[in-house]
Amino acid sequence: MVMQVGSMESELKTLNSKDLKPNGISKSNIGDGEGEGDDRPLLKSSDSTTTTSDTIEDMEKKYAAFVRRDAYGTMGRGDLPAKEKLLLGFALVTLLPIRVVLAMTILVFYYVICRVCTLFSSPNRDDEQEDYAHMGGWRRAVIVRCGRALSRSMLFIFGFYWIPESHIPDHHDADGNGSSFTHTKNGDKTQPEVGRPGVVISNHVSYLDILYHMSSVFPSFVAKRSVSKLPFVGLISKCLGCVYVQRESKSSDFKGVSAIVTERIREAHQNESAPVMMLFPEGTTTNGEYLLPFKTGGFLAKAPVLPVILRYHYKRFSPAWDSISGVRHVIFLLCQFVNYVEVIRLPVYYPSQQEKDDPKLYANNVRRLMATEGNLILADIGLAEKRIYHAALNGLFSQC
């Protein structure tokens, strides 16, 4: 299957002129998801256009971190064997409707819990943010405990019947007491640091990542402001304490959000009752085999971080949400009887003074550690290249 130069060049020019303009400050620095900008250089001019010799195989080598390798093929549009079609058809009329009904029941049930717990309670309003995460007492306890339990129930409904978790021991902790040592330049240990991590740092593979982290630590996320206005989900996001980002806002607004995230991380580190922040510093999803460069937003607070690695295993359909439409992904996922995710928890990472002074160094060191412990491949591409790859795939399949 060969690309047509004319259509692809027009698409790439549109992308470069509208979506891929380098900005002085990019929203994706926060590491909350797919921001509108990207703070890293785009592809070189020699790579920014597609030639007629570029086939799908060529693109898969160049954009390997975003390639789907399951039985359903690129964009979930591959030719399925007869047996797979039969299984999919059977699941569509049996398993899919049951799971949809159960998932909606849980969503509405938790919404009612959040509505009851927030009655006669004013939300915390600060810098155009609104949340109930700082609400204390029995209300907060009910919201958190029910949220964790129902998130795990939702994963169970989606086919994640068991979730194995492994904990990597801290190699620097000779006493086995869970603390970490900082190190001087000559390698000597200083006093061990203790304290709660202010932020959970995770690789980003799917929207399912959010459900797992909700079931685990019930953290606050960074989300688009429009999420706060969604039915049911809007109130739940406020109970989570989400920090809302207006992605099309000016850089001055972004600086305000960045400051809020940093303040929330410091607060979580110092206050046991404050909600922990959850960030995906890659800024976008991958196929789960790679680790993209980290944004520095989660490391500006100079607080310790808790690295968590999610590995989705599959035989037929990959739960990774990449290079496939959301609707198609949800349908295929719900039609798969069993889904698998493995969780690797690393020790709390306490930054050295050098890392505190250099957030980029701090982010890079945590990234390399996660790649080593999670057996992930380091990739130097990011959101800009992902958009080019997706535009190329859309161009190819529109001609088929």
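Because the model is predicted, local features need pLDDT of at least 70 and side-chain atom pairs count only at pLDDT 80 or more, while totals for chains, interfaces and linings use all residues. Residues are numbered from 1 along each chain as its sequence is written, and side-chain values use heavy atoms, with hydrogens and water left out.

Start with the whole chain. It has 12 helices and 13 strands. Helices (H or I, at least four residues) and strands (E, at least two) are DSSP runs, numbered from the N terminus. Of the 400 residues in the chain, 52% are buried. Buried means under 20% relative accessible area, exposed means over 50%, and partly exposed lies in between (1.4 Å probe, protein chains only). Among contacts between residues at least 6 apart in sequence, 76% join residues at least 24 apart. A contact here means heavy atoms within 4.5 Å.

Now take helix α4, residues 95–117. Its 23 residues should span 33 Å at 1.5 Å a residue, and its end C-alpha atoms are 33 Å apart, which agrees. The expected span is 1.5 Å times one less than the number of residues in the helix. The buried residues of α4 include Leu-95, Leu-96, Arg-99, Ala-103 and Ile-106. Further along α4, Leu-107, Tyr-110, Ile-113, Cys-114 and Cys-117 are also buried. These buried residues pack against α3, α5 (137–157), α7 (233–240) and α9 (326–334).

Two of those partners deserve a look. Helix α3 (residues 82–93) packs against α4 at an angle of about 40°, with the axes 3 Å apart. Axes are lines fitted to C-alpha atoms, for helices over the stretch in contact, and angles run from 0 to 180 degrees between N-to-C directions. That makes α3 oblique to α4. Angles under 35 degrees count as roughly parallel, over 145 as roughly antiparallel, 65 to 115 as roughly perpendicular, and the rest as oblique. Phe-90, Ala-91, Leu-92 and Val-93 of α3 make this contact with Leu-95, Leu-96 and Pro-97 of α4. The contact residues divide into seven nonpolar, no polar and no charged. Here Ala, Val, Leu, Ile, Met, Phe, Trp, Tyr, Cys and Pro count as nonpolar, Asp, Glu, Lys and Arg as charged, and the others, Gly among them, as polar.

Helices α4 and α9 pack at about 105°, with their axes 9 Å apart. That makes α4 roughly perpendicular to α9. From α4, Leu-95, Leu-96, Arg-99 and Val-100 meet Ile-331, Leu-333 and Leu-334 in α9. This contact holds six nonpolar residues, no polar and one charged.

Move on to helix α6, residues 208–216. Eight of its nine residues are buried, so α6 is largely enclosed by the rest of the structure. The buried set includes Asp-209, Tyr-212 and His-213. Just after α6, Phe-218 takes a positive phi of about 50°.

Helix α11 (residues 359–374) has 16 residues. It reaches 22 Å from its first C-alpha to its last, close to the 22 Å expected. Its buried residues include Tyr-362, Asn-365, Arg-367 and Met-370. What covers the buried residues of α11 includes β6 (199–202), β10, β11 (305–313), β12, α10 (353–357) and β13 (377–378). Asn-375 follows α11 and has a positive phi, near 55°.

Charged pairs come last. Side chains of opposite charge can pair when their charged atoms come close. The structure holds seven salt bridges. A salt bridge is a side-chain nitrogen of Lys or Arg within 4 Å of a carboxyl oxygen of Asp or Glu. One of them joins Arg-68 and Asp-70, at 2.9 Å from N to O. Both Arg-68 and Asp-70 are buried.

Arg-69 pairs with Glu-289, with the closest N and O atoms 3.7 Å apart. Arg-69 lies in the loop between α2 (56–62) and α3, and Glu-289 in the loop between β9 (277–279) and β10 (290–291), so the pair ties together parts 220 residues apart in sequence. Arg-69 is partly exposed at 41% relative accessibility. Glu-289 is partly exposed too, at 29%.

Arg-345 forms a salt bridge with Glu-165, with the closest N and O atoms 3.5 Å apart. This pair links strand β12 (residues 340–345), which holds Arg-345, to strand β3 (residues 165–167), which holds Glu-165, 180 residues apart. Arg-345 is buried, at 12% relative accessible area, whereas Glu-165 is partly exposed at 41%.
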